[in-house]
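Subject: Structure handover

Hello,

The structure is placed below, and my notes on it follow. Please read them with the model open.

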Amino acid sequence: MAGGEGKARPLEFTPTWIVAAVCSIIVIISLIFERLLHRLGKRLMRSRKKPLYEALLKVKEELMLLGFISLLLTVFQGPMGRWCVNPDFMRHLLPCKPPPPEVSETEHLGHTVFAGARRLLAGGGDSEGYCMEKGKVPLLSAEAIHQLHIFIFVLAVTHFVLSAITVLLGIAQTRNWRHWETKIQETDANAPEMIKHVQEFKFIQDHFRGHRKRWRTVGWMRSFFKQFYGSVTKEDYTTMRLGFIMKHCNGNPKFNFYNYMIRALEVDFKKVVGISWYLWAMLMIFLFLNVQGWYVYIWISLVPFIMLLVVGSKMEHIITELAYEVAQKNTTIRGDLVVAPSDDFFWFHRPKLVLHLIHIVLFQNAFQIAFFFWLLVTYGFNSCIMGKPTYVITRLVISVISQLLCGYMTLPLYAIISHMGNSFKRSIFDDNVAEGLVNWAEKARRRTRIPNKTAVHATNSPIDEESSRAIQMHNTEMTSSV
């Protein structure tokens, strides 16, 4: 058009009312979102859901990190577009074959969704013209930076939403356990103890078939299939609950194990919704391997699925090992069957490793789902970067199945099996008691740093009083749960 009216207008030639209106809309939307998060946080604190409140703070941290990434991409968009390289350097490790010379870039972009809008938003013509004058191409065009910017944001939001849905599904799957806990609380703890043969207990009957090595192998196969149906029965819950109480709360047989387990799961949710450094490293590897003809993403989608099956089998096998250990050491048992939790049942003697594996699985699923929808909106279903339709549908189905499997089977198993180690979690205490103990431990550490003479005079300090108050509060909380 004459006078360059068809070109994108810079800010200095844009009407002020448009600038003010657009900025006002962005600020209003941001303020509404911020106030919603603030109100949600206050509601969680009023309902004494401190772990979920801390998870919300973790989400805010991730949003701040995304904002910083967005700022860096915006600031370096211009300079990176002026880093010019030889065209031969850009012909290796491509996710798509470059269009033939007779097809212009404008025609190629015309087949993608919102292509014109993206070019206007990216404003990539200046950097391309700067490099073309030198007979080179930009290292990373402004349009590519803009698309990468959107993908990182979509991935983070997808990861948070899917993690929240998975944890909610896991908690919903444990609703039967609440009824089991209520019935246990209503039973008489002073009932007469009877002597039974170890094989008379249903827990042993379900998980133990003899001392032969063959049964150990069959036990692994049974554990693999059992995770798909009735992964935790009433006998499993009752026996593992009693084993935990006898090891960590021997003085309180009426300890509410279900409430403790749900509080611990809420604390773990805070770790799951975050994106740790190793997950960012995995993202860089995934982006690097997206090369045409390698079909790496179809194999990457299988990794979380296989991982979930292995983790679920391992946790089911831990229940089998608990039964095997009791049956191996006892012939008859007086009273209830008691198992012995131990870190030896877990990989590398680390119960926390299971949570890290679940975290990786959830992130990989989020990557697959976010990558699919981002490509669908940005390039369309039939684009070359999307890949063959058969592979695309297979990847998406595997990711959805993995997500459902994690929520309905793996996470409920983790919720109870993670407590079958040597130690208990901080969630065993009430929030106020836990805070008191943490303060007491911090003061005790500071006291050990002072000279011996001062330490002698500090023996009657308020630290001991605070610790005794914390223990009294804990005992009161234990009693009230009966």
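The structure holds 6 salt bridges, a salt bridge being a side-chain nitrogen of Lys or Arg within 4 Å of a carboxyl oxygen of Asp or Glu. This is a predicted model, in which local features need pLDDT of at least 70 and side-chain atom pairs count only at pLDDT 80 or more, while totals for chains, interfaces and linings use all residues. Residues are numbered from 1 along each chain as its sequence is written, and side-chain values use heavy atoms, with hydrogens and water left out.

One of the salt bridges pairs Glu316 with Lys226, with 3.9 Å between the closest N and O atoms. Glu316 lies in helix 14 and Lys226 in helix 10 (residues 213-226), so this pair ties together parts that are 90 residues apart in sequence. Helices here are DSSP runs of H or I with at least four residues, strands are runs of E with at least two, and both are numbered from the N terminus. Glu316 and Lys226 are both buried; buried means under 20% relative accessible area, exposed means over 50%, and partly exposed is in between (1.4 Å probe, protein chains only).

Lys329 and Glu325 also form a salt bridge, at 3.9 Å from N to O. They are 4 residues apart in helix 14, which means a separation of about one helical turn. Lys329 is exposed at 64% relative accessibility, whereas Glu325 is partly exposed at 21%. Shared partners join Lys226, Asp236 and Glu316 into one salt-bridge network.

A further salt bridge links Glu34 and Arg35, whose closest N and O atoms are 3.8 Å apart. Glu34 is partly exposed, with a relative accessible area of 38%, and Arg35 is partly exposed as well, at 43%.

Helix 14 covers residues 296-329, and its 34 residues should span 50 Å at 1.5 Å a residue; the end C-alpha atoms are 49 Å apart, which agrees. The expected span is 1.5 Å times one less than the number of residues. Of those 34 residues, 25 are buried, so helix 14 is largely enclosed by the rest of the structure.

For the protein as a whole, there are 19 helices and 4 strands. Of its 482 residues, 41% count as buried. The accessible surface is about 28,000 Å², and 64% of that belongs to carbon and sulfur atoms; areas come from the Shrake-Rupley method with a 1.4 Å probe, and for residues only the protein chains shown count as cover. Taking contacts (heavy atoms within 4.5 Å) between residues at least 6 apart in sequence, 81% join residues at least 24 apart.

The largest nonpolar core has 94 residues, and among those that touch the most other members are Trp177, Phe244 and Ile416. Such a core is a set of buried Ala, Val, Leu, Ile, Met, Phe, Trp, Tyr and Cys residues joined through side-chain atoms within 4.5 Å. Leaving aside residues up to four places away in sequence, Phe244 touches residues including Phe255, Pro341 and Phe424.

Helix 15 (352-378) and helix 16 (389-417) each supply at least two of the patch residues. Phe373 lies in helix 15 and is partly exposed, at 44% relative accessibility.

Regards
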